[in-house]
Amino acid sequence: MSGNSETQRKDGLRVLFPTLIYEAWYPDYGAESEQLIGFVRQLREEDKEGQRLSAREYPSGYTSYFTRSNLYSETRLAGLVNFIHQCAGNYAQQHRWDTQNFQPVINAMFANINPRFSFHPEHLHPYSHISGVFYVRSEPGNPAISFKDPRPARWMMPPAADGSKPENTFNARVAPEPGKLLMFPSWLEHGVPQNQTEEERISMSFNFEMRPRQK
Ligand SMILES: [Fe+2]
């Protein structure tokens, strides 16, 4: 046996069908956080129609999803939007998607405020390839986003296992952190449990699709 083939053969586990989650931190977020928090709170104040629809569709919380889902064109958010675009490019490249002929184009960006008792039921984001969230504000004790294992057959007969290991969990939780961004496949179901603290959790959600490059 040649030395080369010995190094290629190794007893152990092979990873198949991974779900890739991208994490990144907005550089020097502390300098911009108050401005971004103020922007979202002012948006809620002024968006009466959004407040009305949120009361009906998003109990106890506020989302601009119904009224202002184009925040990517807001000049006051240019720095954040630029950062999000860079992350989407990295995400596509690190997957080895075809970035020669397609590029990630943002098609929605909206703000969310989750005060005490508000929560976000499990959902996914149709008509997109990449979805994500950026944490504008969070405090210790605010709920973590929960990603649901997308392989339903796993529920058939799960063995007893250490559920704290990512490969064994059915709901993977990732804690919010001010200035942190998460990106994930749009088909991945996710939700946020009830906020049981007094502190508002503020986030921005967004979607990208891979569109053909103009040649
Ligand atoms: Fe979502």
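Four strands make up an open sheet with the order β4-β9-β6-β7, and the pairing is antiparallel. Helices (H or I, at least four residues) and strands (E, at least two) are DSSP runs, numbered from the N terminus, and two strands pair if DSSP finds at least two bridges between them. At the edges stand β4 (120–123) and β7 (171–174); each has a single partner strand, so one side of each is left without a neighbour in the sheet. From one strand to the next, the twist averages 20°. Axes here are lines fitted to C-alpha atoms, for helices over the stretch in contact, and angles run from 0 to 180 degrees between N-to-C directions.

A word on what you are looking at: this is a predicted model, in which local features need pLDDT of at least 70 and side-chain atom pairs count only at pLDDT 80 or more, while totals for chains, interfaces and linings use all residues. Residues are numbered from 1 along each chain as its sequence is written.

| Strand pair | Sense and bridges | Bridged residues |
|---|---|---|
| β4 and β9 | antiparallel, 2 bridges | histidine 123 and histidine 190 |
| β6 and β9 | antiparallel, 2 bridges | phenylalanine 147 and histidine 190 |
| β6 and β7 | antiparallel, 4 bridges | phenylalanine 147 and alanine 172 |

Histidine 190 belongs to strand β9 (residues 190–192). Is histidine 190 buried or exposed? Histidine 190 counts as buried because it has 20 C-beta neighbours inside 10 Å. The cut-offs are these: a residue is buried if 20 or more other C-beta atoms lie within 10 Å of its own, exposed if 12 or fewer, and partly exposed in between, with C-beta atoms placed from the backbone. Setting aside neighbours within four places in sequence, histidine 190 is in contact with Glu122, Ile145, Ser146, Phe147 and Lys148; contact means that the C-beta atoms of two residues, placed from the backbone, lie within 7 Å.

In a regular strand the side chains alternate between the two faces of the sheet.

Another open sheet has 6 strands in the order β1-β8-β5-β10-β3-β2, with antiparallel pairing. Its edge strands, β1 (22–25) and β2 (62–63), each pair on one side only. β2 is joined to β3 in the antiparallel sense over 2 bridges, and tyrosine 62 stands opposite isoleucine 113 in β3.

Helix α4 lies across β1, β3, β5, β8 and β10 of this sheet, running at about 40° to β8. α4 has 17 residues and reaches 24 Å from its first C-alpha to its last, close to the 24 Å expected at 1.5 Å a residue; the expected span is 1.5 Å times one less than the number of residues.

Which residues of α4 are buried? They are Leu80, Val81, Ile84, Cys87, Ala88, Tyr91 and Ala92. Seen down the axis of α4, these fall within an arc of 135°, so they line one face of the helix; the arc is that of the directions from the helix axis to the C-beta atoms. They pack against β1, α2, β3, β5, β8 and β10. The face turned away from the buried side carries the exposed residues Ala78, Asn82, Gln86, Gln93 and Gln94. Just after α4, arginine 96 takes a positive phi of about 65°.

**The largest nonpolar core**

In soluble globular proteins, nonpolar side chains tend to be buried together. A nonpolar core is a set of buried Ala, Val, Leu, Ile, Met, Phe, Trp, Tyr and Cys residues joined through C-beta atoms within 7 Å. The largest one here has 35 residues, of which Ile84, Ala88, Phe134, Met183 and Met204 touch the most other members. Two or more residues each come from α2 (33–46), α4 (78–94), β3 (102–114), β5 (130–137), β6 (145–148), β8 (180–185) and β10 (201–212). α4 gives the largest share, 7 residues. Not counting residues up to four places away in sequence, phenylalanine 134 touches Leu80, Ile84, Leu181, Ser203 and Met204.

**The whole chain**

The protein chain contains 4 helices and 10 strands. Of its 215 residues, 30% count as buried. Its C-alpha atoms fill a box of roughly 70 × 50 × 30 Å, taken along the principal axes.
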